[in-house]
Amino acid sequence: MEKSSKVWLIILFAVAVYLLMGIYADFRKLASTLKDFRWAFLLLLFALTTTNYLLRFIKWDFFLKRAGVYLNLKDNLFVFFSGLAMIITPGKIGEIWKGWLIKDINGEELSKTVPVVIVERITDVLGLAILSIFGVLYYKQGVYLILVLLLLFLLFFAAVKSRTASTWIISKLETKMGKYAENIKTMHKTFEATMESKGLIGMSLLSAFAWFFECLGMYIVILGFKESLNITLATFIFSFASLAGAVSMIPGGLGVAEATISGLLRFFGSAPATSVGIAIIIRLGTLWYGAIMGMSVYLVFRGNYKNKI
């Protein structure tokens, strides 16, 4: 009941966000703008978003194996795509659910799988930061957000890699965790294994490549509204808005990502109705498409795991 009420709260919040966007854009102008959108482009956006997911699945599988967790392809696809249902949680932290799914399938401890989810999320943020930084350097917008995110990553990386720092942190956590103290050591070992420099850099670059497909989707949507913004600008707007939504810790970045997309589009010359229309379509083809896909995969295929899940 509690989980159901949280879902309804997120839905109500989303409705409120889109109502406010409609008021800002003027509902009649927004409806007219959406009517003129070339809706076949939405199918292309879905395809580009799916490509992003498939590339990020490669990254997910890489980190799982680094952590010593092995699933067959069918089970791993089920876990990864089911986890997309949690992208509407704050900072996508709900994707930790993937750890519970793995535990139900093969009994793997959460102390080995939860760090994988966290490192995968870190590389998502790094990938988006890589894409954003070119726009930040060119358009001189949002430099402080990128710098703060990079600083936080470097601090976390240093804490994991430094024997002195990690030993101190682990000892402090052990005194508070009691019988779960051993899990802290396992988590640290998993972080060390998954945050090996070469692999982390490679997967962050793969992440940037994967997210570029959704940036390309943004460009396609802009074309669908018969606007003429270049692909560099589209990449900057989408990646920066995604970062802003992620760090806001608001479920799914709702309101923050949409406002950032429409606000930047307005800054670069789009009309209010067009900027809001683009934001709505891009979020439909990325956020909501992913959440619906994830829940559908889980509901359709969980029967194959009924004795485990």
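Author: Let us start with a term: buried means under 20% relative accessible area, exposed means over 50%, and partly exposed lies in between (1.4 Å probe, protein chains only). This is a predicted model, in which local features need pLDDT of at least 70 and side-chain atom pairs count only at pLDDT 80 or more, while totals for chains, interfaces and linings use all residues. Residues are numbered from 1 along each chain as its sequence is written, and side-chain values use heavy atoms, with hydrogens and water left out.

Reader: Thanks! Is K65 buried, exposed or partly exposed?

Author: K65 lies in helix α3, as does D61, four residues away. The relative accessibility of K65 is 43%. Because that value falls between the two cut-offs, K65 counts as partly exposed.

Reader: How many helices does the protein chain have?

Author: Helices here are DSSP runs of H or I with at least four residues, and strands are runs of E with at least two, numbered from the N terminus. The chain has zero strands, and its pattern is written with α throughout, α-α-α-α-α-α-α-α-α-α-α-α-α. The number of helices is 13.

Reader: Which residues touch the most other members of the largest nonpolar core?

Author: A nonpolar core is a set of buried Ala, Val, Leu, Ile, Met, Phe, Trp, Tyr and Cys residues joined through side-chain atoms within 4.5 Å. The largest one has 49 residues, and the elements that give two or more of them include α1 (2-25), α3 (40-66) and α13 (272-301). Apart from this core lies another, of 39 residues, I146 and L149 among them. In the largest core, the residues with the most such partners are Y53, W60, V79 and M195.

Reader: How far apart in sequence are the parts that E196 and R66 tie together?

Author: Their side chains meet in a salt bridge (a Lys or Arg side-chain nitrogen within 4 Å of an Asp or Glu carboxyl oxygen), at 3.3 Å, N to O. E196 is partly exposed at 26%, and R66 is partly exposed at 38%. Because E196 lies in the loop between α9 (181-194) and α10 and R66 in helix α3, the sequence separation of the joined parts is 130 residues.

Reader: Which residues are linked with D124 in a network of salt bridges?

Author: D124 pairs with R121, the closest N and O atoms being 3.4 Å apart. Both lie in helix α6, three residues apart, and both are buried. The network joins D124 to R56, K59 and R121.
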